[in-house]
Amino acid sequence: MAEMKDREGTIVSNVHVAKDIYKAVIAFDDLPEGIKGGQFVHIKLTDNSHVLRRPFCICDFDCKAKTVTVCYAVVGEGTKELAGYEKGTRVKAMLPLGNGFTPDESMKKIVLLGGGMGSAVLPAIPRAFGDREYVTYLGFANKDKVVLEEEMRELTGSVVVATDDGSYGRKGFVTNILAEDMAKLKPDVVFCCGPEVMYKALKKALEPFDVPVIVSLEARMGCGIGACLVCNCKIKLNGQEGYLRVCADGPVFRLDEVVL
Amino acid sequence: MSNLKVNIAGVEFKNPVITASGTFGFGKEYDRFYNIEELGGICTKGLTIKPRLGNPPPRIAESYGGMLNSVGLQNPGVEHYLETDDKDLAKRNVVVIANIAGSTLEDYIAIAEKMNEAQADMVELNISCPNVKAGGMAFGVLPQNVEKVTAAVKKVCNKPVITKLSPNVACIADNARGAEAGGADAISLINTLSGMAVNYKTRRPILFNNNGGMSGPAVKPVALKMVWDCYNAVKIPIIGLGGITKYTDVLEFMICGARAVQVGTHNFTEPCGARDIARDLAKYVEENNMDINDLVGTLILNG
C-alpha cells in the first residue's frame, strides 16, 4: 500500500569544494529507481533541535553504488550542521521528492543553464536522460564560486562558464551570454536553475527566441510532500494566478507560468 | 485486558492519536507513507466557505525545537472538500474531524450548516488561527466570544463540535468554560503560540506575514499546563496538543487531563511519526495491561 518511505543513508563523503560550498555523497541500502534531475531529497538533521527537514536537490546519483550527491552552500544553521557531518554519519531522508525535469520526445537538444548554487540541479538531468544532446552554461559571481564545471564537462561534453566579474571564463551574466549563442545553438528547450533574479533576466534575454524554458524553484519547506502548504509559489495558469506547492507540484515549472 | 480505545462525545477512536489540522492535509500525502487507518483520527486542513489563497511566502521558519507558520488558511473551500476529500475519507476506517474557520459569525454559521452534508464524524471549530487578519483569532480571545461562536455553531451543526482554543489569551480556563457554556462537545488545545522569527542580516521578520504561530516540541510544557488548567475548569473532554513527538508525551498529556491528543509539527520531522506514536502507545498499554482511559487527569501535584 505505502509506495513511499523514509530512508536511512550513510554519509560516504562530505567535502569542501569551493568557498562555503560542500558536496556530500550519501549511500542508501535501497536507492529508489527512476530518480530524475530536479527532484530533491528531504534530509533530517541529526540534532533534534531542528524540527524541519532540509530539502536539497539531487545533484547526481549512481544507481550501481546506490548513492545520491547533494551540493550545497552553507547559508544557515541547517547547512552549517550538515557541513560538519563526517563519513559514516547516518541520516534519515525522504527521496526522491518533487516532479523533476522530464524532457519529452521532441526535446533532443537541451541547454542546461545554472546560476550559482542552482548549478547543483544540473548533473542529474543528463544522468537520468542520457540519450539527449546537451550544452551546459554555468554562471557564477566570481572564480571562487565556480563549482561542478568538471562534472558537467564529463556528462555533457560542452561547458561554457561565465563569471559576473570576468575572473573566470567569459565575462558577464550567463543569461546574456547564452542569448548571444542562441542563434547558433538552436536548442529545443532550456532547463535552468538559479536565483529568481536570474529567471527575470532569462525571460527577457530569451524573449526573441521561440524556445520553451523550464526552471526549478526553491522554497522554505515543511513536510516536503504536499500536505502543509507552506512552500507555495505563485503560478499563472489559464490567465489566473494562484499558489502551487513547490514540493509536490514542482519544484520544476514552465518559466512562462511562474509569476516572478 | 488492555484498552487503547477512547471516546470523545460519543465518537469512538481506536487509539487516542489524531493528526493536527494543517499538518496533514486531508491525509492523502501521508497515506503514501503508511496506512492512515492506523491512526485514531485525522483532523483536516482548516476549511472556509470560500476557497482561500492564504498568505504570500515565506510561510515557515524554524526556531529552536520548534517552528513558526503563517499559511493563512489556504484551502480549496468547503464545497470542494465535500465533493472530494470528504467522500474519500469516509471510506477509511479512521475518525475524520473537519476543521472549520471563518472571518465573521455568519461565516461560521454558514460553514457549520454546510458541514451537516459532510460524512466527517466531527467538527473542530478553529477560532484561534493567528494567521488571518479578520475574525479567526478575534473569536478566540475573550471567553464570551468563545461562548458566542460555539453556541451559534452548535445551534446549526448536527455533528459533535470541538472548540479549538488559543493559548494567546489571558486565562485559557475561562475560555474553556466559555466553550462549555456555548455547548461544545469537547475542546482541543493548544493552537499555536503567537511568535516572530527575525533575520538579523536583513532586519526583517522571516515570515512574509511578519508574525506566525509557533509549534513543535519547545511548546510542550506550555500546552501541558494549559491542558491541566482546563481539565480543572470543565467537564467536557479535552484533546491535548502541542509538541508531541513520542508516546510518553501522549501519556503526559493524558495524565494532565486529555482524553486524546493531536500530533502536528512532528509529522514534518518524521513522516511516519504519528503512526509510530500510536504503535508505541499500543505496545505500552499492552505491556502494562492497562486501560489508557484510566490515566486521564491522574496528575499528582507536589506539596
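The structure is a predicted model, in which local features need pLDDT of at least 70, side-chain atom pairs count only at pLDDT 80 or more, and totals for chains, interfaces and linings use all residues. Residues are numbered from 1 along each chain as its sequence is written, while chains are lettered from A and ligands numbered from 1 in the order in which they are written.

To begin with the two chains together, chain B brings 32 residues to the contact and chain A brings 26 residues; residues are in contact if their C-beta atoms, placed from the backbone, lie within 7 Å. On the side of chain B that touches chain A, two or more residues come from each of helix 1 (28-31), strand 5 (60-63), strand 6 (66-69) and helix 10 (266-269) of chain B. Helices (H or I, at least four residues) and strands (E, at least two) are DSSP runs, numbered from the N terminus.

Within chain A, helix 5 (residues 196-205) has Met198(A), Tyr199(A) and Leu202(A) buried, where buried requires 20 or more other C-beta atoms within 10 Å of the residue's own, exposed 12 or fewer, and partly exposed lies in between, with C-beta atoms placed from the backbone. The buried residues of helix 5 of chain A line one face of the helix because they fall within an arc of 100° seen down its axis, the arc being that of the directions from the helix axis to the C-beta atoms. Val197(A) and Lys204(A), on the other side of helix 5 of chain A, are exposed.

In chain B, Ile172(B), Ala173(B) and Ala176(B) of helix 7 meet Met226(B), Asp229(B) and Cys230(B) of helix 8.
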